[in-house]
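Let's take a friendly walk through this structure together. Have the sequence and the 3D view ready.

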Amino acid sequence: MALIYLLSIPILVFGYFVGRRYIQLHTITLRNTLKLASLIIALYIIALLLFVNGFLRESLAGTIMSLFYAFLSGVSIGKFHSQQDKKKAAGYPLYSYKNPVTHFTPLLVGSTLIISGFLRIGWAFDFDITPIRLFSGASLVLFGLLSFSLHITPSLRTKSILIIDQAIDWKTFLDYHWLGEYEVQMIFENEVDRSNNSNQIKSVITIQVNPGERMKLERLLAIKKKARDKSNT
């Protein structure tokens, strides 16, 4: 058991590095998700077949699963740290759309994961903690904490806009258009494709507006657009 904990240290550090530097949830597509799910299922089936046919001992299988959960724990710690850094760099909150769904969904998901994680560690309160219980439970708890830091709807702050795990700098803000009384479309400078010398590529974000807050958001966007135009002159 001590060997498993010792081996888990570099795995945790590696997972932390991956989560902090390379995991970008806002870029995930359905296709990539299906590919990853297919890979995990295939690996699980292969491991199960090896175990059933006696090629994979139970102790080795448990060690592999423990290290896998340790990696997930490291990923969640790294991603959570990255989210906190983005939140601090984004400045003070200015506006975000609020309704019961957007408010309670992250709370419900995160709380469920955290409670499940602690129950997994204690396994119905017998508290016979093993490495696989510890790391699998810890990964659930940490993913629950991570879910609290994700922004389902755009959060407009003084220096940038946070959405899911993406931070969009106000310096890239180009213009905005009202699509209705309670909906506004924001246009941002995204990137320049230098490979074919194409024009500027723009990204668009649509924001829902709470009743009675249109004028507040209108003033905010007008100020930010004026500041952008002034910086370009």
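This is a predicted model: local features need pLDDT of at least 70, side-chain atom pairs count only at pLDDT 80 or more; totals for chains, interfaces and linings use all residues.

Start at strand E3, residues 160-164. Four of its five residues are buried, so E3 is largely enclosed by the rest of the structure. On one side, E3 pairs with strand E2 (residues 151-157) in the antiparallel sense, over three bridges. Within that pairing, His151 stands opposite Ile164 in E3. E2 and E3 make a hairpin, with two residues between them. E3 also runs antiparallel to strand E4 (residues 166-169), and four bridges join the two. Here Ser160 has Asp169 of E4 as its bridge partner. Another hairpin, through one residue, takes the chain from E3 to E4.

From here, look across to helix H3 (residues 58-90), where you will find Lys86. Lys86 is buried but has no salt bridge. Why does its nearest oppositely charged side chain, Asp165, not count as a partner? Asp165 is 5.0 Å away, and a salt bridge needs a side-chain nitrogen within 4 Å of a carboxyl oxygen. Beyond its neighbours within four places in sequence, Lys86 is in contact with Gln24, Lys79, Leu162, Asp165 and Gln166.

Now for the salt bridges that do form: the whole structure has five. In one of them, the side chains of Asp85 and Arg20 meet at 2.8 Å, N to O. This pair links distant parts of the chain, since Asp85 belongs to helix H3 and Arg20 to helix H1 (residues 2-21), 65 residues apart. Asp85 is partly exposed at 30% relative accessibility, and Arg20 is partly exposed at 28%.

Arg214 forms one with Glu181, their closest N and O atoms being 3.4 Å apart. Glu189 forms another with Arg228, with the closest N and O atoms 3.1 Å apart. Glu189 is partly exposed at 26% relative accessibility, whereas Arg228, at 12%, counts as buried.

Leu36, Leu39, Ile40, Leu43, Ile46, Leu50 and Phe55 make a nonpolar patch of about 710 Å². One of them, Leu39, lies in helix H2 (residues 30-52) and is partly exposed, at 48% relative accessibility.

Terms used:
Residues are numbered from 1 along each chain as its sequence is written. Side-chain values use heavy atoms; hydrogens and water are left out. Buried means under 20% relative accessible area, exposed over 50%, partly exposed in between (1.4 Å probe, protein chains only). Two strands pair if DSSP finds at least two bridges between them. Lys and Arg count as positive and Asp and Glu as negative; His and the chain ends are not counted. Contact means heavy atoms within 4.5 Å. Patches are made of residues with over 30% relative accessible area and no salt bridge: like charges are joined within 9 Å, nonpolar side chains (Val, Leu, Ile, Met, Phe, Trp, Tyr) within 5 Å. Accessible areas come from the Shrake-Rupley method with a 1.4 Å probe; for residues, only the protein chains shown count as cover.
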